[in-house]
Amino acid sequence: MFLLMAAAAAVAPESAIGRWMTETRHGVVEIARCGSSVCGRLVDSDGIRANPGLLDVNNRDPKLRSRPIKGVEILTGFTLRDGQWTGGSVYNGEDGATYQATLIPLDPDHLKVRGCIIWPLCKTQTWTRSP
């Protein structure tokens with residue numbers, strides 16, 4: 001157990017930067033530096049490939065439902081703490097809701113993304129680095 005914790009702690013938080021495949025709908029999220037934080041935009045998915053003009057129709061804000069979903073910033077507001085990006089938020093275009101989020105680099109090719117309504121009501125995915 002200690003070795004696993006030590007290995008996880010050795011992963012640089014900067015390894016979160018890059019393109020990531022989500023677990024669902026072949027989504028691709030591009031994570032980049034945003035000042036002292038990181039942010040992520042949706043750049044591809046099954047829906048976008050089927051309809052490049054796909055709109056953010058499920059957004060809870062009616063004024064945003066006419067914007068294209070491609071390029072929407074879905075990860076924002078993170079602070080680096082103990083090798084993790086915490087205190088941020090993740091937008092889910094499928095239900096139009098925004099959740100509290102944490103990004104945990106597991107290794108150079110895997111990123112744990114946890115979104116919570118309130119803790120402990122969370123959903124976690126492991127994203128894989130996209131070539």
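# Briefing: strands, core and charge pairs

The count comes to 0 aromatic pairs, where rings of Phe, Tyr and Trp (its six-membered ring) pair if their centres lie within 6.5 Å, with planes under 30 degrees apart called stacked, over 60 edge-to-face and the rest tilted. This is a predicted model, in which local features need pLDDT of at least 70 and side-chain atom pairs count only at pLDDT 80 or more, while totals for chains, interfaces and linings use all residues. Residues are numbered from 1 along each chain as its sequence is written, and side-chain values use heavy atoms, without hydrogens and water. The structure holds 8 salt bridges. Its largest nonpolar core has 22 residues.

**Terms for what follows**

- Helices (H or I, at least four residues) and strands (E, at least two) are DSSP runs, numbered from the N terminus.
- Buried means under 20% relative accessible area, exposed over 50%, and partly exposed in between (1.4 Å probe, protein chains only).

**Strand pairing and hairpins**

- β1 and β2 pair in the antiparallel sense over 4 bridges; two strands pair if DSSP finds at least two bridges between them.
- Gly18 has Ile31 in β2 as its bridge partner.
- The hairpin of β1 and β2 has 6 residues between the strands.
- β2 also pairs with β3 (residues 37-44), in the antiparallel sense over 7 bridges.
- Glu30 stands opposite Arg41 in β3.
- The hairpin of β2 and β3 has 2 residues between the strands, and Gly35 there takes a positive phi near 65°.

**Backbone details**

- Arg25 has a positive phi of about 55° although it is not a glycine.
- Arg25 sits in the loop between β1 (18-21) and β2 (28-34).
- His26 is also not a glycine, yet has a positive phi of about 50°.
- His26 is found in the loop between β1 and β2, and is partly exposed at a relative accessible area of 46%.
- A cis peptide bond joins Trp119 and Pro120, with omega about 15°.
- Pro120 belongs to the loop between β8 (110-118) and β9.

**Nonpolar core**

- Ile31, Leu75, Leu103, Leu111 and Trp127 touch the most other members of the largest core; a nonpolar core is a set of buried Ala, Val, Leu, Ile, Met, Phe, Trp, Tyr and Cys residues joined through side-chain atoms within 4.5 Å.
- β2, β3, β4 (73-76), β6 (84-92), β7 (97-107) and β8 each supply at least two residues of this core.
- β7 gives the most to this core, with 4 residues.
- Leaving aside neighbours within four places in sequence, Leu111 is in contact (heavy atoms within 4.5 Å) with residues including Ala16, Trp20, Ile31, Leu103 and Trp127.

**Ser130**

- Ser130 lies in the segment after β9 (121-129).
- Ser130 is buried, with a relative accessible area of 17%.
- Not counting residues up to four places away in sequence, Ser130 touches Arg19, Trp20 and Met21.

**Salt bridges across the chain**

- A salt bridge is a side-chain nitrogen of Lys or Arg within 4 Å of a carboxyl oxygen of Asp or Glu.
- Side chains of opposite charge can pair when their charged atoms come close.
- Arg33 forms a salt bridge with Glu14, with the closest N and O atoms 2.7 Å apart.
- This pair links distant parts of the chain: Arg33 is in strand β2 and Glu14 in the loop between α1 (2-9) and β1, 19 residues apart.
- Arg33 is partly exposed at 38% relative accessible area, and Glu14 is partly exposed at 37%.
- Glu94 forms a salt bridge with Arg25, with the closest N and O atoms 2.8 Å apart.
- This pair also links distant parts of the chain: Glu94 is in the loop between β6 and β7 and Arg25 in the loop between β1 and β2, 69 residues apart.
- Glu94 counts as partly exposed at 44% relative accessibility, whereas Arg25 counts as exposed at 53%.

**Arg67 and its partners**

- The side chains of Asp56 and Arg67 meet in a salt bridge (2.9 Å, N to O).
- Both Asp56 and Arg67 are in the loop between α2 (46-50) and β4, 11 residues apart.
- Asp56 is buried, with a relative accessible area of 1%, whereas Arg67 is partly exposed at 27%.
- The charged end of Arg67 sits over the ring of Tyr91, 5.8 Å from its centre; this requires NZ of Lys or CZ of Arg within 6 Å of the ring centre and within 35 degrees of the ring normal.

**Salt-bridge network**

- Asp44, Asp46 and Arg49 are linked in a network of salt bridges.
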